[in-house]
Amino acid sequence: QVQLVESGGGLVPPGGSVRLSCAVSGSSLTVYTMGWYRQGPGRQREFAAAISRGGATNYHDSVKGRFSISRDNAKNTVYLQMNNLNPEDTAVYYCNAQIGTQMKRDDNWGQGTQVTVSS
């Protein structure tokens with residue numbers, strides 16, 4: 001069974017940094033695009049950043065220049081470096097991975113990790 005295990009969240013002061021990690025296990029299929037979504041208090045889940053298997057990245061405008069996504073294909077792990085955090089970044093951050101074959105890929109989600117930006 002596929003598992004996505006996130007780590008790295010916590011309480012961060014405004015202007016601070018945190019690095020999230022998400023490791024995929026339990027599948028012999030290819031891990032294609034990996035990404036991070038977030039859901040703030042009273043808000044819907046929204047896209048934050050994504051990275052293709054080849055390393056192409058995409059960011060939501062609100063995090064461009066502050067967040068950096070990267071991955072290690074050998075470890076099936078994706079990272080999100082978050083810098084210059086502000087209270088509006090407070091959210092549960094969810095890892096997403098598209099796993100399967102070139103013909104068919106399924107969306108898989110982690111359980112979420114809380115990031116709270118507060119002094």
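User: Why does Phe47 count as partly exposed?

Analyst: Phe47 has 21% relative accessibility. Buried means under 20% relative accessible area, exposed means over 50%, and partly exposed is what lies in between, with a 1.4 Å probe and protein chains only. Phe47 at 21% therefore counts as partly exposed. This is a predicted model, in which local features need pLDDT of at least 70, side-chain atom pairs count only at pLDDT 80 or more, and totals for chains, interfaces and linings use all residues. Residues are numbered from 1 along each chain as its sequence is written, and side-chain values use heavy atoms, with hydrogens and water left out.

User: What makes Tyr37 and Phe47 an aromatic pair, and of which kind?

Analyst: Rings of Phe, Tyr and Trp (its six-membered ring) pair if their centres lie within 6.5 Å; planes under 30 degrees apart are stacked, over 60 edge-to-face, and the rest tilted. Tyr37 and Phe47 are 5.6 Å centre to centre with 75° between the planes, hence edge-to-face. Tyr37 is in strand S4 (residues 30-39) and Phe47 in strand S5 (residues 46-51), 10 residues apart. Strands (E, at least two residues) are DSSP runs, numbered from the N terminus.

User: How do you know which class Tyr37 and Trp109 belong to?

Analyst: The ring centres of Tyr37 and Trp109 are 5.0 Å apart and the planes stand at 65°, which makes this pair edge-to-face. Trp109 belongs to strand S10 (residues 105-109), 72 residues from Tyr37. The count is 2 aromatic pairs, and Tyr37, Phe47 and Trp109 form one aromatic cluster.

User: What makes Arg45 a charge over the ring of Trp109?

Analyst: The rule asks for NZ of Lys or CZ of Arg within 6 Å of the ring centre and within 35 degrees of the ring normal. The charged end of Arg45 sits over the ring of Trp109, 4.8 Å from its centre. Arg19 lies over the face of Tyr79, at 4.1 Å from the ring centre.

User: How do you know that Cys22 and Cys95 form a disulfide?

Analyst: A disulfide is a pair of cysteine sulfur atoms within 2.5 Å. The sulfur atoms of Cys22 and Cys95 are 2.1 Å apart, and the two form a disulfide. Cys22 lies in strand S3 (residues 18-25) and Cys95 in strand S9 (residues 91-100), so the pair ties together parts that are 73 residues apart in sequence. Both Cys22 and Cys95 are buried.

Note on methods:
Helices (H or I, at least four residues) and strands (E, at least two) are DSSP runs, numbered from the N terminus.
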